[in-house]
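Please open the coordinates in your viewer and keep the selection panel at hand. The stops below proceed from the ligands to the domains.

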Amino acid sequence: MRQTTCPLDCFDGCSILVNEDNSLKGNKEHPITKGYLCHHLNHYHSFKRITEPKLNGVSISMDDAIALLVKALHQGEPSKTLFFKGSGNLGIMQSVTKLFFAQYGAILASGSLCDEAGDAGIVEGRGANLSLSPLHVAKSEVVILWGRNPSITNSHMLPALKGKTLIVIDPVKTDLAKKADLHIQIKPRCDIYLAMLLARIAYMEQMEDTVFIEEHCENFKYFSDFICGIPMRDLMQKCGSSLDDIGLLLSMIKGKKVSILVGIGVQKYSFGHSVLRAIDSFAALLGLFGKEGCGVGYLSNSGFGYDAPFKVKAKTTPLPIVDFGKFDTIFIQGGNPLSQMPCTNKVEEGIAKAKFVVYFGLHENATSAKAHLVIPAKSFLEKEDLKLSYGHEFVGRMPKLIDSVYGISEYELCHALISAFGYESLENEKEIIERVIASHSILKDGFLISKTYENLPYSQGFYTPSKKFQFFDELDDEFEDIEGFYLLACKQNKSLNSQFITDDYLYVPLCLGLQKDDKVTLFNDNGSCQFSVMPTDTLRDDCVMLYSGACNANRLTPFKMSQEGQCATYQEIKVKLKRD
Ligand SMILES: Nc1nc2c(c(=O)[nH]1)N[C@H]1C(S)=C(S)[C@@H](COP(=O)(O)OP(=O)(O)OC[C@H]3O[C@@H](n4cnc5c(=O)[nH]c(N)nc54)[C@H](O)[C@@H]3O)O[C@H]1N2
Ligand SMILES: Nc1nc2c(c(=O)[nH]1)N[C@H]1C(S)=C(S)[C@@H](COP(=O)(O)OP(=O)(O)OC[C@H]3O[C@@H](n4cnc5c(=O)[nH]c(N)nc54)[C@H](O)[C@@H]3O)O[C@H]1N2
Ligand code: SF4
Ligand SMILES: [Mo]
C-alpha cells in the first residue's frame, strides 16, 4: 500500500495510506495516527483546486506563466521584490524556493503569524523547544491544557487524555473544558500573572523540587525574589482568577506526573515570549522536565537537530508587519495574507500598490483574487517531500505518489527560475530529502524518529550554554486595557486556517441578548466591520470570538509585532460592538 504523511499545519503529522483509487485513509500501524484522519484529509479530494495558471483572470499555459514571472524578475529591482511564504504545507521542500529568491537578492519575509513569540520564550529558558508527544503525555496523571484546544487542533492527543485528571485554562468553555475536572475560565491575556501566582503559592507551600532546581536550573533566587516582590493583591487582581481555583489546581497536581500542553492562545500578545517563560518557570519550580509523564509541550521546533537544507543569506523584513506597499513585485507562496495577516486594511492597501503580485498555491482565496499572476501548486501527493512534526517525534516521508496533470511543484518552479537566471543548479530532490533524514533520524520499532527523542526530552539537561534552565525574572506588559471586548482568534474543526470550510460568524456571549444572524459592527482604531452573530454560552461576558479563516477575521487585529520572535499579536487589542 502506498504511504505518505499529512502536509498540513497541524500537531499530528498523520501517517496516510493511499488506496488504488487515490482515496486516503489513516494508517492503523502508526503509533500516533492509529487509523484516523480528520475532516480535512478525509475530504481532501473534494476541495476545488486551481487547475490552470491565470494572468489577470485569464487562463494561460504554465510555460507562459513562468516566462512572465522570469520577465517581471528580470525587469524588476531585487530590493523591491518580496518573497512571502505561508504555512499551507509544512513539508521541508516548501522552502526550496528561498534558494532562488535569496540569490536573486529579494527581501524575505521572516518570523511568523503563529507560534514564534512563545517559541522565543521557551528557547530563552530551555535552549531548545522540544515536543511532548501523545505517547509521552499518555504516561501522565494530570494534564493541563493551557490555551490549547486539542479536540479541534490536535485530535490525536485525545486518547492520551483519557483517564487523566484534566485541567483547562482557557477563556472559552471548550468541549474539553466542559468535561474537565477544573476549568479556569481565565480573562484573556492574564496567563502570565496566573503562572506567577501559581509559582508563588507553590513556593510558599514548599512544593518546589529543590534537587531539580539545584542540579538543573540557574537564577532561581532571582525568580523567587521577582515573584515574591510583587504584592500578592496586585498579582491576584491582574490574574483575575479566584484563590479557590488556584488552591484547587495546586492540590490536584501536587506530587503527580503533570503534563502541561500549551497552545498559541496564551501568546497572541506583545509579551508572548514572557508568558511561555513564566509557564515554563512554574513547571521548572515543580521539577517537571526530563521525567516520565511530565513536561511542558508547545508547538515545537520540528527541525531541531536536522541539517537545514535551504539555509540562505538574505535581507529580511518581519513578516507580521511587512509593508507590502514598499515592493513592486510580491511572490506569495502557500499563504493567504489577505485573510490571515493581522490588520487586513493595511495589507489590502499595500497589495493594491504593488505592480506585480504572484500567488502560488493550491486553492483560490482572498489573496489569489487580488494577484496578477496565479500559479497552481502540485498537491502533497504529487511531489517529493518530508514532514518533521511539531507535535511528536515521528518523521514522515512524503514520496510522490500521483502524476499530476496540473500545477507545478516548488522544486520544479525553483529549478525553472534558477535555470532562467543561470544560477547554480539544484541538487536532486530525493537526495536532499535523504540527506536531511540521515542527518538526525533513527529507526525505533520500525518507525523513523528524530534522534533528539531517543531519550526523554531534557532528561540529559537543557540546551542553554550552561545546560541549565534559566528562570524568568522580568516582563514588560505594555497593554493599555481600555473599555470593550477582547476579540479572540481561535481555530475550528472544518478549516485549517483559511483552507477548506470556514465559519464566518462572530461568536458573542449570551449576555448581549443577540439572536443568531443579527448584524453588529465591531470597531477599533484599526477599522470597523459588520458581522453576523452566533450567540454562545461558551464565552465570558467580556469576549467575542472569530475563527481563523473567517471572512474579515483580521479587519480589527493589530499591525504590531511581538517583543521577541517576530510574531503576530492578534489579541493585543480590544474592540467595541454596535448593534445594527
Ligand atoms: N482543525 C484545525 N486544526 C488546526 C488548525 C486549524 O485552523 N484548524 N490550525 C493549526 C495551527 S496553524 C496552529 S498554530 C495550531 C494552534 O493550536 P491551538 O493553540 O490549540 O489553537 P487556538 O485555537 O489558536 O488556541 C487554543 C485555545 O487558546 C484559547 N485562548 C485564546 N486566548 C487565550 C488567552 O489569553 N489565554 C488562554 N489561556 N487561552 C486563550 C482559545 O480559546 C483556544 O481554545 O492548530 C493547528 N491545528
Ligand atoms: N484572525 C486570525 N488570524 C490568524 C490566525 C488566527 O487564529 N486568527 N492564525 C494564524 C496562524 S496560527 C497561522 S499558522 C496563519 C496561517 O495562515 P496562512 O499561512 O496564510 O495559511 P492558510 O490560510 O492555511 O493558507 C495556506 C495557503 O497555502 C496553499 N497551499 C496548500 N498547500 C500548498 C502547497 O503544497 N504548495 C503551495 N504553494 N501552496 C499550498 C493553500 O492553497 C492556501 O491558500 O494564520 C494566522 N492568522
Ligand atoms: S490535519 Fe492534522 S489531524 Fe488532520 S490528517 Fe492532517 S495531521 Fe492528521
Ligand atoms: Mo499556526
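A residue is near a molecule if one of its heavy atoms lies within 4 Å of that molecule. Please keep in mind throughout that this is a predicted model.

**First stop: ligand 3**

Select ligand 3 and display the residues around it: Cys6, Leu8, Cys10, Asp12, Gly13, Cys14, Cys38, His40, Leu41 and His156. How do the residues of this shell divide by class? Six are nonpolar, three are polar and one is charged.

**Second stop: ligand 1**

- Asp170: one of its polar side-chain atoms lies 2.7 Å from an oxygen atom of ligand 1.
- Arg189: a polar backbone atom of this residue is 2.9 Å from an oxygen atom of ligand 1.
- Ile169: a backbone N or O atom here lies 3.1 Å from a nitrogen atom of ligand 1.

How much of the accessible area of ligand 1 does the protein cover? On its own, ligand 1 has 910 Å² of accessible area, and the protein covers 98% of it.

Next, select ligand 2, which is surrounded by 34 residues. Ser87, Asn336, Asn365, Glu410 and Ser498 are the closest of them. Show the side chains of the following residues and label the distances.

- Ser498: a polar side-chain atom lies 2.5 Å from an oxygen atom of ligand 2.
- Asn554: a polar side-chain atom lies 3.0 Å from a nitrogen atom of ligand 2.
- Gln499: a polar side-chain atom lies 3.2 Å from an oxygen atom of ligand 2.

Taken alone, ligand 2 exposes 920 Å², and 97% of that is buried by the protein.

Now colour the protein by its domain assignment. Domain 1 is made of 49-112 + 309-448, domain 2 spans 116-298, and domain 3 spans 485-579.

The area buried between domain 1 and domain 2 is about 430 Å², with carbon and sulfur atoms giving 54% of it. Which residues of domain 1 lose the most area to domain 2? Select Ser112, Gly391 and Glu393, which together account for 55% of what the domain 1 side buries.

Finally, inspect the pairings across this boundary. Between domain 1 and domain 2 there are zero salt bridges, and one residue pair is in polar contact.

Terms used. Residues numbered from 1 in each chain as written. Chains lettered and ligands numbered in written order. Predicted model: local features only at pLDDT ≥ 70, side-chain atom pairs only at ≥ 80, totals over all residues. Heavy atoms only, no water. Domains from an automatic or database assignment. Buried area = accessible area lost by both parts, 1.4 Å probe. Salt bridge = Lys/Arg side-chain N within 4 Å of Asp/Glu carboxyl O. Polar contact = N/O pair within 3.5 Å; in protein donor to acceptor, adjacent residues only side chain to side chain. Nonpolar A, V, L, I, M, F, W, Y, C, P; charged D, E, K, R; others polar. Areas by Shrake-Rupley, 256 points an atom, 1.4 Å probe, with all protein chains shown as cover.
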